[in-house]
Amino acid sequence: MRTWRTAVAAASMAVLALVGGTSPAAAAGDPSAPATVPEGRDADGGSVDAGKAGSDADASAVIRCQGQVQRPHNSTHVPGTINVVVTVSCSAPVPEITTRAALYKNGHLVKQSTPRTQRNTRSAQNNAAVSCSPGKYRGWMYFKVVFPPGYNPPTDSANALGQEVSLSC
């Protein structure tokens, strides 16, 4: 009976994946930016923490990773573009940090970077850029951290929204 229920559950998931184009698990882990700026969200940095088991009183046994969405700006590296940089800084080295940056213009997503993974580091960054046209710009980020063995949770993620700024070319 248990084998039959498992087979039915697996078949149901396969049908959902076929009909929906993705499995529910894949959709939950998708680090894509929303198509429009999330309503009611103020600029924030987002953070994740992990600690070693049984070390409640030892602050050094906690790793904190803080995300930051920098202000969109006219790029000095690539003239004629608007750029946003996102960074993550951790209090200790971690095995892996994955970041994704996105840029909104007048509340609508105009550019999203590919996810970038950096290994064995305490910091990471990514960026998104578009050709310059006047408007109100805002950055967004997603980040996921894989913590060292023995830390709980083993992985965690967050997203953050930056300040809106008016830019001209």
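Is Arg-119 buried or exposed? Arg-119 has a relative accessible area of 53% and therefore counts as exposed, where exposed means over 50% relative accessible area, buried means under 20%, and partly exposed lies in between (1.4 Å probe, protein chains only).

The model is a predicted one, in which local features need pLDDT of at least 70 and side-chain atom pairs count only at pLDDT 80 or more, whereas totals for chains, interfaces and linings use all residues. Residues are numbered from 1 along each chain as its sequence is written, and side-chain values use heavy atoms, with hydrogens and water left out.

**Overall make-up**

The chain contains two helices and 10 strands, these being DSSP runs numbered from the N terminus (helices H or I, at least four residues; strands E, at least two). Read from the N terminus, the order of the elements is α-α-β-β-β-β-β-β-β-β-β-β. Of the 169 residues, 36% count as buried. Among contacts (heavy atoms within 4.5 Å) with a separation of 6 or more, 64% are made by residues 24 or more positions apart. The chain exposes about 9,700 Å², of which carbon and sulfur atoms supply 53%; accessible areas come from the Shrake-Rupley method with a 1.4 Å probe, and for residues only the protein chains shown count as cover.

**Disulfides**

A search of the whole structure finds two disulfides, a disulfide being a pair of cysteine sulfur atoms within 2.5 Å.

| Disulfide | S to S distance |
|---|---|
| Cys-65 and Cys-90 | 2.1 Å |
| Cys-132 and Cys-169 | 2.1 Å |

The S-S torsion of Cys-65 and Cys-90 is about 110°, so this disulfide is right-handed. The pair links distant parts of the chain, with Cys-65 in strand β2 (residues 62-69) and Cys-90 in strand β4 (residues 81-105), 25 residues apart. Cys-65 counts as buried because its relative accessibility is 0%, and Cys-90, at 4%, likewise counts as buried.

For Cys-132 and Cys-169 the torsion about the S-S bond is about -105°, which means that the disulfide is left-handed. Cys-132 lies in the loop between β6 (116-131) and β7 (135-146), and Cys-169 in the segment after β10 (165-167), so the pair ties together parts that are 37 residues apart in sequence. Cys-169 is exposed, because its relative accessible area is 61%.

**Salt bridges**

The count comes to two salt bridges, each requiring a side-chain nitrogen of Lys or Arg within 4 Å of a carboxyl oxygen of Asp or Glu. In one of them, the side chains of Asp-49 and Arg-64 meet with an N to O distance of 2.8 Å. Because Asp-49 belongs to strand β1 (residues 47-52) and Arg-64 to strand β2, this pair ties together parts that are 15 residues apart in sequence. Asp-49 is partly exposed at a relative accessible area of 32%, and Arg-64 counts as partly exposed at 40% relative accessibility.

Glu-96 forms a salt bridge with Arg-119, where the closest N and O atoms are 3.4 Å apart. This pair links distant parts of the chain, since Glu-96 is in strand β4 and Arg-119 in strand β6, 23 residues apart.
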